[in-house]
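Reader: Hello! Could you take me on a close look at the part where the two chains come together, with the cut-offs spelled out as you go?

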Amino acid sequence: MTTAVELAQDTPLTIGGRTFQSRLMVGTGKYRDNDTMGRAIEASGADIVTVAVRRVNLDRTKEEGILYHLEPKKYFLLANTAGCFTAEDAVRYARLAREAGFNEFVKLEVIGDQETLLPDVQGLLEAARTLVREGFKVLAYTNEDLVIALRLEDAGCAAVMPLASPIGSGLGLLNPFSVRTIKRRLQVPVIVDAGVGTASDACVTMEQGVDGILMNTALAAARDPVAMAHAMRLAVEAGRAAFLAGRMPRREVALPSSPAEGMLD
Amino acid sequence: MTETIDVVVNGERRPVARDATLLELLRSLALDPRAVVVEHNRRIVRRPALGDVRVAEGDAIELVHFVGGG
């Protein structure tokens, strides 16, 4: 099959020295129940699965921990610093996450605005530098600003993660030009994180040439998260394959597909 | 009766036995030490050391784990 051949010729995704099969990464938040989450993650084909660090609820059962519902050996757990509004907090959460003992990777978020959840890029850079110095492999959630992306790469981040649109918005890829520019200029992997709403968004995003996509709400908030996870898997593969295939040039006028010669008088 | 002191666990004041270790605190809360990460007065205490660190009045202890998130 052509698709299989083209995909086989793709180079695998390597982040911070580790190689992954899937270019789709998924979150574990906001699912209606843990069974649905487990089946959706399975259907997505993702290797990398994100988790958050929070206080243990002392008054409830210990089953609220995500690892009771997710086979830690089957997935690569990527802890985030979601909810952190300062570099100091993000560093604190990252250290706690590393202490859980799975890996030294962290999806670094330093949020600057409650309403839009847009990143505080100054705090992000500061936290990234600290964590890189401490041996973390930092995947930095950022906006679609090229200069910030370059600074994050200079700071030693293992991957840069520009948003498609705000977290949980489902608005899709709002600025394909900027994301394409970031991908063109950076050496480290560029993973689009946040904002993808449906399969076409994922496909268009991958067609920009980025290395992967991380999504959560698009699956968790779909009417059927398992079916949507399947759709996203196909969309990410389709978008990647189309990028590798190279699209036809856009034209402002029509060009007939059938010969102009040989028409009857 | 064992004498108790108050410590702050995950933001809540709780009585624990005087000179209890962090490991004993986890046991009293029915928590598996392998399933939580412990921060004691802002310093992470690694699992093997949990039985060596004793709590004192007013100590701030954070017990965290992984939950669902993006």
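Author: Phe66(B), in strand S5 of chain B, has Val53(A) as its bridge partner. In the same way, Gly68(B) of S5(B) stands opposite Val51(A). These pairs belong to a contact between S5(B) and strand S4 (residues 48–55) of chain A, which run antiparallel and are joined by five bridges. Two strands are taken to pair if DSSP finds at least two bridges between them. The strands themselves (E, at least two residues) and the helices (H or I, at least four) are DSSP runs, numbered from the N terminus.

A word on the model: it is predicted, so local features need pLDDT of at least 70 and side-chain atom pairs count only at pLDDT 80 or more, while totals for chains, interfaces and linings use all residues. Residues are numbered from 1 along each chain as its sequence is written, chains are lettered from A and ligands numbered from 1 in the order in which they are written, and side-chain values use heavy atoms, with hydrogens and water left out.

Back to S5(B), which also has partners in its own chain. Strand S1 (residues 4–9) of chain B pairs with S5(B) in the parallel sense over two bridges, and there Val8(B) stands opposite Ala60(B). S3(B) runs antiparallel to S5(B), with four bridges joining them; Val37(B) has Val64(B) as its bridge partner. Seven of the nine residues of S5(B) are buried, where buried means under 20% relative accessible area, exposed over 50% and partly exposed in between (1.4 Å probe, protein chains only).

Now the whole interface. Here 25 residues of chain B are in contact with 33 residues of chain A, contact meaning heavy atoms within 4.5 Å. The buried area between the chains is about 2,500 Å², with carbon and sulfur atoms giving 57% of it; this is the accessible area (1.4 Å probe) that two parts lose on being put together, summed over both. His65(B), Phe66(B) and Gly70(B) supply 31% of the area that chain B buries against chain A, more than any other three residues.

As for polar links, 15 residue pairs are in polar contact between the chains, both residues at pLDDT 80 or more. A polar contact is a pair of N or O atoms within 3.5 Å; within protein, one must be able to donate a hydrogen and the other to accept it, and residues adjacent in sequence count only if both atoms are side-chain atoms. On the side of chain B that touches chain A, strands S2 (12–17), S3 (37–40) and S5 (60–68) each supply at least two residues. The largest share, seven residues, comes from S5(B).

Four salt bridges cross the interface, each a side-chain nitrogen of Lys or Arg within 4 Å of a carboxyl oxygen of Asp or Glu. Glu39(B) and Arg92(A) meet in a salt bridge at 2.5 Å, N to O. This pair joins two chains, because Glu39(B) lies in strand S3 of chain B and Arg92(A) in helix H3 (residues 87–99) of chain A. Both Glu39(B) and Arg92(A) are buried. Arg14(B) forms a salt bridge with Asp59(A) (3.4 Å, N to O). Arg14(B) also forms a salt bridge with Glu12(B), with the closest N and O atoms 3.6 Å apart. Arg14(B) is buried, at 18% relative accessible area, whereas Glu12(B) is partly exposed at 37%.
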